[in-house]
Amino acid sequence: MSIELRNVNKRFRDGRRGENVVLEDVNLVLAKQSFTCLLGPSGCGKTTLMNLVAGFEKPSSGTVHVDGAAVRGPHPSRSVIFQDYGLFPWRSALGNVLFALEAKGERGKDARTTAMRYLDLVGLGQAAHQHPQQLSGGMRQRVALARALAVQPDMLLMDEPFAALDTFTRFRLQDELLRLWAERRPTVVFVTHDIDEAVYLAERVLVMAPNPGRITHDITIDLPRPCDRTHPLFLDARGRIFQALSLAQGDMAEYAI
Amino acid sequence: MKRAIAWRLGLGILGPALIVLLWWRVSRRYTADQFPGPLEVVAAWREILADGSLAVHLKVSLLRFFAAYLLALAAALPLGFALGWWTRSLALFDPVIQILRPISPIAWFPLAVLWFGVGNAPAIFIITLSAFFPILLSTVSAVREIPVAYLRVAANFGAKRLQLLHSVLLPAAFPAIVIGLRIATGAAWIHLVAGEMLGAQSGLGFLIVDSRNFLRTDLIVAGMLTVGILGLGLDRLVAWAERRVRLAWGLAR
């Protein structure tokens, strides 16, 4: 799936102070099967940008097209992964994956087999009957991933999915995400505020800045995968992004310190 | 742990025992007709237990209670979901609800008798009314407080309306609704006695009114205590159900 945003503006009413410009004049084309990270500090509109592509929100002006068609609302072909997992606590891991299949009209034994296959894919076959509250954060995000993949989406939209996880779990899930991406090649839009994560995962990093939210840099990461976090090329890419971020936030004193 | 439970159990028995003792001591200063003591009440209990009238009153009261409770559920749940889901409908009807809610169900007595005559109907009407508002209000706020994330997940996977309702909205709102159900149980049980004083010819409320007519104060107190003990039982039943729901939903105990 390819994505095209043209002259996209997003404003929210902000009480008495008038309007809050969350995104200003965003123009963007993302290729089919690409892996892109949206990177920036909080308030730069990266989640809003993702929500526009997902169809959860509509632009105040401008257009959002996916595969040439205007986005009118959310669609199963564009699966969203949330930071807080978005799992239903009253359903088991299996039940959560089944929900996605039920929505497609798949029921019964076949649906169960499919759901189990995706839980196995993320290494959670053993935990199928556990409820989310019995699972660790990393396992919950795996369930969410299995649920998103079970409907065979063409696009994965991930909103800081690993931000709440500890470093080791995050590393493991990053590797797993790359493995799944290499296997199935969905178009991935991955929102993060972690520079290392962006470099490690993405082919392309879009650096964003707040007030008003906008894309300031478009950086191509050309590293052999899977990449080595200590390799000079990795550090070089990291340095380029860090520089872009400081340029983007030149007026933000706290960032300079 | 075991010791703590033993202590709590011991204190839980000691408290009522002290009150009964005090009751007994005070009652001795009056005639049994004025202020029946525990012994007279136990005797009265055994009397209505033996002649079977207690069983009849109990059965009728519980039937009315459950009928009214189901009626309140049937009316308040769908209405609560609709008002919680469509924000504009709430803006439209909320003032009406807020005006009707503080009116005690007892204030509806004259109209209830006028509309429904005497017997089962006005009693059930009063009990339904008292359970209706707690269920309605807790349902409205439960639906409004469903996390947006759940709705987004459902929309993302393309859940149809029916699936959204029974697989997301109902289970997501349920733990908060159950709290309203518990309040409604208490309110309905309290108003059961009041409702049954409206010309009903049976039930625990009738037992109390009827005993007054015969100046049987011992039976009045026996009736009152029966209402209290059953109310406690019902509350424990709903509390148990509430705990089960919270456990199944992964919420804190």
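Reader: Which residues of helix 9 of chain B are buried?

Author: In this predicted model, the buried residues of helix 9 of chain B are Leu204(B), Gly205(B), Phe206(B), Leu207(B), Ile208(B), Asp210(B) and Ser211(B).

Reader: What makes helix 9 of chain B count as largely enclosed?

Author: The helix runs over residues 204-213, and seven of its ten residues are buried, so the rest of the structure largely encloses it. The cover over these buried residues includes helix 3 (53-85), helix 8 (161-196) and helix 10 (217-248) of chain B. After helix 9 of chain B comes Leu215(B), with a positive phi near 55°.

Reader: Why is Thr128(B) called buried?

Author: The cut-off is 20 or more other C-beta atoms within 10 Å. Thr128(B) has 24 within that distance, so it is buried. The residue sits in helix 6 of chain B.

Reader: What does Thr128(B) touch, leaving out residues up to four places away in sequence?

Author: Thr128(B) touches Ala68(B), Leu71(B) and Ala72(B). Trp23(B) lies 105 residues from Thr128(B) along the chain, and 35 Å separate their C-alpha atoms.

Reader: How do you know that strand 8 of chain A is mostly covered?

Author: Strand 8 of chain A spans residues 187-192, and six of its six residues are buried. Side chains in a regular strand alternate between the two faces of the sheet. On one side are Thr187(A), Val189(A) and Val191(A), on the other Val188(A), Phe190(A) and Thr192(A), and both faces are covered.

Reader: What makes strand 3 and strand 8 of chain A a pair?

Author: Two strands pair when there are at least two bridges between them. Strand 3 (residues 35-39) and strand 8 of chain A have five, in the parallel sense. In this pairing Thr36(A) stands opposite Val189(A). Strand 7 (residues 155-159) of chain A also pairs with strand 8 of chain A in the parallel sense, over five bridges. There, Met155(A) is opposite Thr187(A).

Reader: Which residues of the largest nonpolar core touch the most other members?

Author: The core has 129 residues, and those with the most contacts to other members are Val53(A), Val97(A), Ala146(A), Ala131(B) and Ala188(B). Helix 6 (residues 120-144) of chain B gives the largest share, 15 residues. Apart from neighbours within four places in sequence, the contacts of Ala146(A) are Val97(A), Tyr118(A), Leu119(A), Leu121(A), Val122(A) and Leu124(A).

Reader: How many residues of chain A and of chain B are in contact?

Author: Contact requires C-beta atoms within 7 Å, and 21 residues of chain A meet 15 residues of chain B in this way. On the chain A side, strand 6 (78-81) and helix 2 (93-103) are the elements that give two or more residues. Helix 2 of chain A has the largest share, four residues. By type, this side divides into 14 nonpolar, five polar and two charged residues.

Reader: Where do the domain bounds of chain B lie?

Author: The domain assignment places domain 1 at 1-30 and domain 2 at 36-248 of chain B. Taken over C-alpha atoms, the centres of these two domains of chain B are 30 Å apart.

Methods. Residues numbered from 1 in each chain as written. Chains lettered and ligands numbered in written order. Predicted model: local features only at pLDDT ≥ 70, side-chain atom pairs only at ≥ 80, totals over all residues. Buried ≥ 20, exposed ≤ 12 C-beta atoms within 10 Å, placed from the backbone. Domains from an automatic or database assignment. Core = buried A, V, L, I, M, F, W, Y, C linked by C-beta atoms within 7 Å. Contact = placed C-beta atoms within 7 Å. Nonpolar A, V, L, I, M, F, W, Y, C, P; charged D, E, K, R; others polar.
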